[in-house]
Amino acid sequence: MIKYIGSKRRLVPVLAEICRASGARTALDLFTGTTRVAQAFKAEGTHVTAVDSARYAHAFARTYIEADAAATDVGALRAAVTHLNGLPGKPGYVTETFSRQARFFQPHNAARIDAVRDAMDSEYAGSPLFPLLLTSLIEAADRVDSTTGVQMAYVKQWAPRSFNPLELRVPELLPGAGRAIQGDAVALAGSPGLGHFDLAYLDPPYNQHRYFTNYHVWETLVAWDAPEAYGVARKRVDSRDPSTRSAFNSKRTMPAALASVVRSVDCDLLVLSYNDESWLELSELESMCSVGRSGTGGQREVATLSFDSTRYVGAQIGIFNPSGHKVGRVSHLSNRELLVIAGEAALVARVVEAVGSMEANPSPGPAPGPAAGQAPAGAGTRTVVAASMVDRLQQAT
């Protein structure tokens with residue numbers, strides 16, 4: 001998987017346990033990103049619908065969620081990867097924009113990316129292998145980039161990994177069918193075509209930083225439209241277009257957008273992932289999740305699990321100006337990841353108990369620590385479980 005800010009890699013064991021304990025046969029991952037969580041649900045035998053507005057996320061979802069390993073011609077896939085790995089470099093848009101005008105990739109790898117991406121369009125367009133090869137290329141490029149994880153900047157000196165040669169690998173596909181949808185979460189959440197789910201997982205953006213610009217290089221690799229670029233990071237010019245902005249990236253519009261999604265998703269169990277560095281307080285999130293789906297009335301039982309988590313590497317390094325001088329300071333190295341769980345009382349109690357029981361058998365993943373107290377009363381009991389989880393989470397994955 002690619003380096004990804006907001007990744008739930010360390011919480012995957014907990015989320016997989018929630019899926020198992022809920023007995024879900026259908027699941028929705030509405031802000032799927034790299035599909036880590038969606039893959040964990042699919043590995044449990046669940047039919048997953050993975051949704052995201054980003055082009056690169058949709059490519060991942062077509063590969064890891066929609067594609068069925070049992071129905072894929074793995075021999076043809078391996079042959080295609082071998083063929084693309086054998087292509088010589090041919091400088092093009094990536095070389096000019098992201099190597100000469102910027103320093104995301106060393107020239108030898110940028111030229112290889114150009115050659116491989118061109119060959120994919122000319123030789124595999126329309127093939128069921130296309131999204132799989134596109135995913136392989138993005139992951140290969142991520143392994144040799146020179147960033148701290150986001151593409152709003154690149155490091156002053158070439159990262160050691162950037163010297164490695166670009167190498168595509170065969171994606172590790174999962175058996176079973178799934179569904180990949182590209183679209184806006186607010187518009188899709190209440191649409192009849194989305195359907196009903198046993199489990200719905202929501203991991204919305206938390207602040208003003210947009211994934212469209214954080215991963216603009218991957219957007220361009222998927223679109224392959226040679227956009228006009230601007231700024232030091234050579235971002236796509238359509239980054240300035242209001243249509244590429246999300247309601248979740250504005251403190252003014254985000255609460256209503258999230259409330260609309262939570263209210264509209266048709267599911268038995270809702271799991272909302274958030275953290276304590278964001279715009280909404282825990283009490284607001286719990287109140288929002290306690291309201292039953294639009295048109296159904298009633299209220300949901302709510303419980304919240306809380307986990308300590310190390311912040312992303314860029315936040316640990318600090319802020320530097322273009323000359324390489326440090327101009328900011330690191331305020332804190334960890335935050336609290338929150339999982340707000342809402343649904344019928346017995347179902348919520350069952351999944352919370354299952355996560356708690358992981359402490360007795362920690363090999364599947366981390367376990368929450370002792371209860372830290374009761375949240376304010378409302379619709380159902382809102383148990384807040386505090387946990388110091390960093391080491392165990394990292395060991396588990």
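1. Start with Arg240: its charged end sits over the ring of Tyr230, 3.7 Å from the ring centre. The charged end of Arg103 sits over the ring of Trp158 too, 4.4 Å from the centre. The rule here: NZ of Lys or CZ of Arg has to be within 6 Å of the ring centre and within 35 degrees of the ring normal.

2. Keep in mind that this is a predicted model, where local features need pLDDT of at least 70 and side-chain atom pairs count only at pLDDT 80 or more, while totals for chains, interfaces and linings use all residues. Residues are numbered from 1 along each chain as its sequence is written, and side-chain values use heavy atoms, with hydrogens and water left out.

3. Now for rings meeting rings. The whole structure holds eight aromatic pairs. One of them is Tyr93 with Phe98, an edge-to-face pair with 6.0 Å centre to centre and 85° between the planes. To pair, rings of Phe, Tyr and Trp (its six-membered ring) need centres within 6.5 Å; planes under 30 degrees apart are stacked, over 60 edge-to-face, and the rest tilted. Tyr93, Phe98, Phe104 and Tyr154 make up one aromatic cluster.

4. Are Tyr93 and Phe98 buried or exposed? Both are buried. Buried means under 20% relative accessible area, exposed over 50%, and partly exposed in between (1.4 Å probe, protein chains only).

5. Next, look at strand E2, residues 47–52. Five of its six residues are buried, so E2 is largely enclosed by the rest of the structure. Helices (H or I, at least four residues) and strands (E, at least two) are DSSP runs, numbered from the N terminus.

6. Which strands does E2 run parallel to? One is E1 (residues 26–29), joined to E2 by four bridges, with Thr26 partnered by His47. Another is E3 (residues 179–182), also joined to E2 by four bridges; there, Ala50 stands opposite Ala180. Strands count as paired if DSSP finds at least two bridges between them.

7. Trace the chain from E1 to E2 and you pass through helix H2 (residues 36–43), in a right-handed β-α-β crossover. Right-handed means that, with the strands pointing away from you, the path from the first strand over the helix to the second runs clockwise.

8. Finally, the whole protein. It has 15 helices and eleven strands, and 53% of its 397 residues are buried. Among contacts (heavy atoms within 4.5 Å) between residues at least 6 apart in sequence, 73% join residues at least 24 apart.
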